[in-house]
Amino acid sequence: MKERVFSAIQPTGIIHLGNYLGAVKQWVQTQKHTDCIFCIANTHAITIRQNPQTLHATTYNLAAILLACGIDTEQATLFIQSSIDAHTALAWILECHLSMGELSRMTQFKDKSQKHPKNINAGLFNYPALMAADILLYDVDSVPVGDDQRQHVELARDVAIRFNHEYGETFKIPKAVFPTLTARVMSLTDPSKKMSKSDDNPNSMITILDSPETVRAKLKKATTDSLGQIAFNPEQKGVYNLLTIYQSLTGYNTESILGEFEGKGYGTLKERVGEAIIAEIAPIGERYAVLSKNMQYVQKILQEGARKANEIASVRYTLAKERVGLV
């Protein structure tokens with residue numbers, strides 16, 4: 001049997017270049033040789049207050065974007081998290097096997113609590129239990145994540161091992177896999193922090209649906225430095241970020257890239273990075289334009305994905321429920 005992989009993404013705004021290079025592009029490649037289950041994590045999104053109509057629309061828009069990026073539902077399963085009740089049902093069982101101390105140590109809880117001090121809700125605190133349920137429901141072998149999600153996969157492993165020890169073999173123990181080069185695409189305006197959908201400065205990120213003109217304009221404003229040296233030097237955060245993006249998109253090795261830019265200035269670097277981005281995302285934008293006009297087709301794909309996902313999830317949830325004595 002193929003190795004099974006689970007990945008999820010929240011429908012909070014249009015995905016940006018960091019999301020695409022760090023996750024979605026790899027999903028498209030991974031689906032060719034593994035059994036992939038891809039989830040639009042809309043239930044996770046409501047730990048922060050959302051406009052209901054906006055969340056509903058962005059959920060379907062994200063599905064259309066993922067399909068435009070190349071997610072092939074003949075090869076992979078794509079579904080909306082809230083369409084499978086077993087996610088929240090299993091999360092409750094897992095919460096009863098996690099301690100307050102374990103949950104309070106989660107870095108993301110601390111970070112989001114600082115960003116949203118007026119909305120430190122129980123869902124935000126219990127978020128890792130739901131993420132563990134997302135993973136454990138599908139008997140997955142691996143979960144591709146960035147460094148900021150490492151703790152959550154480790155917690156999913158811990159609670160699965162604990163549950164299996166107490167009740168007998170119930171869950172497969174997943175492993176986390178971490179992308180290397182494309183794991184961290186940084187903000188264009190402040191390359192000391194990750195590119196983020198929540199950034200108030202629109203010039204800090206390239207969205208997957210940006211027009212060629214918008215991409216070029218944002219790259220012109222991208223932060224570099226005063227050294228005038230194009231090198232893969234992590235200390236030159238802005239230049240390093242641009243080179244990393246360029247390498248991720250072109251696949252060129254470090255030596256080739258440095259040769260290409262030898263004697264060139266930052267203007268040339270920004271221009272070529274911009275053109276590489278445009279070459280990658282312009283076809284996605286064109287496919288999205290078609291799909292966004294046919295949301296019934298997108299919804300049909302998601303319904304079929306939910307049916308397939310539920311067949312797997314219901315088996316694992318039913319077993320867990322029986323193991324703890326629930327009728």
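Colleague: How do the axes of helix 10 and helix 12 cross, and within what distance do they come?

Modeller: This is a predicted model, in which local features need pLDDT of at least 70 and side-chain atom pairs count only at pLDDT 80 or more, while totals for chains, interfaces and linings use all residues. Residues are numbered from 1 along each chain as its sequence is written, and side-chain values use heavy atoms, with hydrogens and water left out.

Two packed helices are described by the angle between their axes and the distance between the axes. Helix 10 (residues 237–250) and helix 12 (residues 266–291) have axes that come within 9 Å and cross at roughly 35 degrees. Here helices (H or I, at least four residues) and strands (E, at least two) are DSSP runs, numbered from the N terminus. Axes are lines fitted to C-alpha atoms, for helices over the stretch in contact, and angles run from 0 to 180 degrees between N-to-C directions. The crossing of helix 10 with helix 12 is left-handed, meaning that the near helix is turned anticlockwise from the far one by less than a right angle.

On the helix 10 side, the contact (heavy atoms within 4.5 Å) is made by V239, L242, L243, I245, Y246, L249 and T250. Helix 12 contributes Y266, L269, K270, R272, V273, A276, I277 and E280. By class, this contact has 11 nonpolar, 1 polar and 3 charged residues. Ala, Val, Leu, Ile, Met, Phe, Trp, Tyr, Cys and Pro count as nonpolar, Asp, Glu, Lys and Arg as charged, and the others, Gly among them, as polar.

Elsewhere, salt bridges link separate parts of the chain. The whole structure has 11 of them, each a side-chain nitrogen of Lys or Arg within 4 Å of a carboxyl oxygen of Asp or Glu. One joins D35 and R4, at 2.9 Å from N to O. D35 lies in strand 2 and R4 in strand 1 (residues 4–9), so this pair ties together parts 31 residues apart in sequence. R4 counts as buried at 15% relative accessibility, and D35 as partly exposed at 24%; buried means under 20% relative accessible area, exposed over 50%, and partly exposed in between (1.4 Å probe, protein chains only).

Another salt bridge joins R316 and D139, at 3.0 Å from N to O. R316 is in helix 13 (residues 295–323) and D139 in the loop between helix 7 (122–136) and strand 4 (142–144), so the parts tied together are 177 residues apart in sequence. R316 is buried, at 14% relative accessible area. E304, R307 and E311 form a network of salt bridges.
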